[in-house]
Amino acid sequence: TRKIAVSGTASGIGRALAGLLREQGDQVIGIDLKDADVCANLGTRDGRALAVESVLRLAGGALDGVVACAGVAGVTPLTVRVNYFGVLALLEGLRPALAAAPAPRAAVVCSIAGTHAVDPDVVAACLDGDEDAAVALAERAIEREAGALLYPSSKSALARWLRRVAVTPEWAGTGISLNAIAPGIVLTPMTAPLFADEAMRAVMATAVPMPLNGHAQPEAIGEALRWLISPANTHMAGQVVYVDGGAEATVRGPNV
Ligand code: NAI
């Protein structure tokens, strides 16, 4: 039985992934604010430490996979705290437990939003590992009504961190495959409020066109994550794979 830690299992993509993994016989250790094996707030330093410690205890010190799905959208510094610093703390805290496994895998959930406009100062503070500065800059962005840049900033920073570390001795060098799935629009509680707003629906249609099969169900992303953390994935490292109905290819075009 493979032991996989998954954050965000109480809802949406994390819940779908946990279901798929349990179906195939894996042991899932779910982490979320509530309704999970480990209840912890990944937006705080104490919550992250509690999450890592509790997962390690439940896993008996060794893990085959870690998937960081938990995330928040909206105009709030929590985007930076949870989507970037919370993800890093979980992955870095659990990395030593992965390194001992025969086929260790890790994955995160980025976003098509990571290709949209960002606040470069917030991204830089994230990549510097300076959470207090990133949050202060996020608060300033909200004050000048640029808070919509924060979610894309958190996901852009995460993608850049991933590409930097995935190929280092700590990750690739110890046999841990670390990659990301970047969804387009997925029908989960996170996006439900967007559909209630007609102006937002028009913005989504332009910013995230999905010519292949339209908006995705969370299982579609769960399936992609399941493969990323499977033993079959022996050679992917540092990749951000768009599972977005063609949104990235449509918007960026053929010449990237
Ligand atoms: P969701 O809102 O359905 O689920 C997110 C889960 O994360 C919830 O169970 C929530 O309680 C948990 N969470 C939030 N803050 C937390 C914290 N501080 N500590 C612990 N757990 C926390 O959202 P969904 O759609 O399943 O999103 C999952 C991931 O996919 C997120 O990282 C999101 O940014 C990303 N994503 C989602 C897209 C979509 O269209 N739904 C598109 C692209 C990326």
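Hi everyone, thanks for coming. A word on the model before we start. What you have is a predicted model, in which local features need pLDDT of at least 70, side-chain atom pairs count only at pLDDT 80 or more, and totals for chains, interfaces and linings use all residues. Residues are numbered from 1 along each chain as its sequence is written.

Let's begin with the whole chain. The protein chain has 10 helices and seven strands; these are DSSP runs, with helices being H or I of at least four residues and strands E of at least two, numbered from the N terminus. Its radius of gyration is 17 Å, close to the 18 Å that the globule rule gives for 256 residues, so the chain is as compact as a globular protein of that length. Along the principal axes, the C-alpha atoms fill a box of roughly 50 × 40 × 35 Å.

How much of the chain is buried? Of the 256 residues, 47% are buried. Here, buried means 20 or more other C-beta atoms within 10 Å of a residue's own, exposed means 12 or fewer, and partly exposed is in between, with C-beta atoms placed from the backbone. Contacts use those backbone-placed C-beta atoms too, with a cut-off of within 7 Å. Among contacts between residues at least 6 apart in sequence, 76% join residues at least 24 apart.

Now the sheet. Seven strands form an open sheet in the order β3-β2-β1-β4-β5-β6-β7, and the pairing is parallel. Two strands pair if DSSP finds at least two bridges between them. At the edges stand β3 (38–39) and β7 (240–243), each with a single partner strand, so one side of each is left without a neighbour in the sheet.

I'd like to stop at β5, residues 105–109. On one flank, four bridges join β4 to β5, which run parallel, and the bridge partner of Gly65 in β5 is Arg105. On the other, β5 pairs with β6 (residues 177–183) in the parallel sense over five bridges, and there Arg105 has Ser177 as its bridge partner. Five of the five residues of β5 are buried, so the strand is largely enclosed by the rest of the structure. As a reminder, side chains in a regular strand alternate between the two faces of the sheet. In β5 both faces are covered, with Arg105, Ala107 and Val109 on one side and Ala106 and Val108 on the other.

Another helix worth a look is α9, residues 218–228. Eight of its 11 residues are buried, so α9 is largely enclosed by the rest of the structure. Among those buried are Ile221, Leu225 and Arg226. What covers the buried residues of α9 includes α1, β4, β5, β6 and β7.

On to the ligand. Which residues are closest to it? A shell of 29 residues surrounds the ligand, and the closest are Ser11, Gly12, Gly71, Thr188 and Met190; a residue is near if its C-beta atom, placed from the backbone, lies within 6 Å. The elements giving two or more residues to that shell are α1 (12–23) and α3 (78–99), and α1 gives the most, with three. By type, the shell divides into 16 nonpolar, 12 polar and one charged. Nonpolar covers Ala, Val, Leu, Ile, Met, Phe, Trp, Tyr, Cys and Pro; Asp, Glu, Lys and Arg are charged; the others, Gly among them, are polar.

Finally, two backbone details. Asp35, in the loop between β2 and β3, has a positive phi of about 55 degrees although it is not a glycine. Glu145, in the loop between α5 (131–143) and α6 (150–165), has a positive phi of about 60 degrees and is not a glycine either. Asp35 is exposed, with 11 other C-beta atoms within 10 Å, and Glu145 counts as exposed with 8.

Terms used: The radius of gyration is taken over C-alpha atoms; the globule rule is 2.2 Å times the number of residues to the power 0.38. Two residues are in contact if their C-beta atoms, placed from the backbone, lie within 7 Å.
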